[in-house]
Amino acid sequence: MVFQRITVDSEVFGGKPCIRGLRFPVSRLLGLLAAGETPESILQSYPYLEQENIHEALNYAALLADEQVIEFA
C-alpha cells in the first residue's frame with residue numbers, strides 16, 4: 001500500500017509518521033479518533049487537515065495492526 005498523505009522525515013518529530021506537509025503526527029490524529037472525536041470535529045478544530053488525511057491515517061493504522069502481532073496478558 002502506498003501512502004500519499006503520510007510522510008516520514010527523520011528531521012520532523014524524530015521520524016514519526018506525519019501528515020504530509022504538516023508537523024501533525026499520525027499518532028495524534030489516531031489518538032483523537034480513539035478518544036471519541038469525530039472526523040467532523042477534528043476537521044473543525046484543525047482546518048488545515050482534510051477528510052482524506054483522516055481516511056489515510058486509518059488505513060495506515062489498519063496496515064500496522066495487520067502486520068504486527070502484539071500479545072496481551
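## Close-up views of a predicted model

**View 1. Contacts of Glu56.** Beyond its neighbours within four places in sequence, Glu56 touches Phe3, Gln4, Arg5 and Ile6. The model shown here is predicted. Glu56 sits in helix H3, which covers residues 51-67. Glu56 is buried but forms no salt bridge. The nearest side chain of opposite charge is that of Arg5, 5.1 Å away. A salt bridge requires the nitrogen and the carboxyl oxygen to lie within 4 Å. The backbone of Arg5 does meet Glu56: its nitrogen is 2.6 Å from a polar atom of the Glu56 side chain.

**View 2. The salt bridge between Arg5 and Glu50.** One salt bridge is found in a search of the whole structure. Arg5 pairs with Glu50, and their closest N and O atoms are 2.8 Å apart. The pair joins distant parts of the chain, 45 residues apart. Arg5 belongs to the segment before strand S1 (6-7), whereas Glu50 lies in the loop between H2 and H3. Arg5 has a relative accessible area of 18%, so it counts as buried. Glu50 is partly exposed, because its relative accessible area is 39%.

**View 3. Packing of helix H1 on helix H3.** The axes of H1 and H3 are 10 Å apart and meet at an angle of about 95°. The two helices, H1 and H3, are therefore roughly perpendicular to each other. On the H1 side, the contacts come from Val26, Leu29, Leu30 and Leu33. On the H3 side, they come from Asn53, Ile54, Ala57, Leu58, Tyr60 and Ala61.

**View 4. Thr38 in the loop between H1 and H2.** Thr38 is placed between helix H1 (26-34) and helix H2 (39-45). Its relative accessible area is 37%, so Thr38 is partly exposed. Cys18 lies 20 residues from Thr38 along the chain. The C-alpha atoms of Thr38 and Cys18 are separated by 19 Å.

**View 5. The setting of the close-ups.** The protein has three helices and two strands. From the N terminus, the order of elements is β-β-α-α-α. The C-alpha trace spans about 40 × 30 × 20 Å along its principal axes. Of the 73 residues in the protein, 27% are buried. Among contacts with a separation of 6 or more, 39% are between residues 24 or more positions apart.

Notes:
Residues numbered from 1 in each chain as written. Predicted model: local features only at pLDDT ≥ 70, side-chain atom pairs only at ≥ 80, totals over all residues. Heavy atoms only, no water. Helix = DSSP H or I, 4+ residues; strand = E, 2+ residues; numbered from the N terminus. Buried < 20%, exposed > 50% of the residue type's maximum accessible area, 1.4 Å probe, protein only. Lys, Arg positive; Asp, Glu negative; His and termini not counted. Polar contact = N/O pair within 3.5 Å; in protein donor to acceptor, adjacent residues only side chain to side chain. Contact = heavy atoms within 4.5 Å. Axes fitted to C-alpha atoms, helices over the stretch in contact; angles between N-to-C directions. Parallel < 35°, antiparallel > 145°, perpendicular 65-115°, else oblique.
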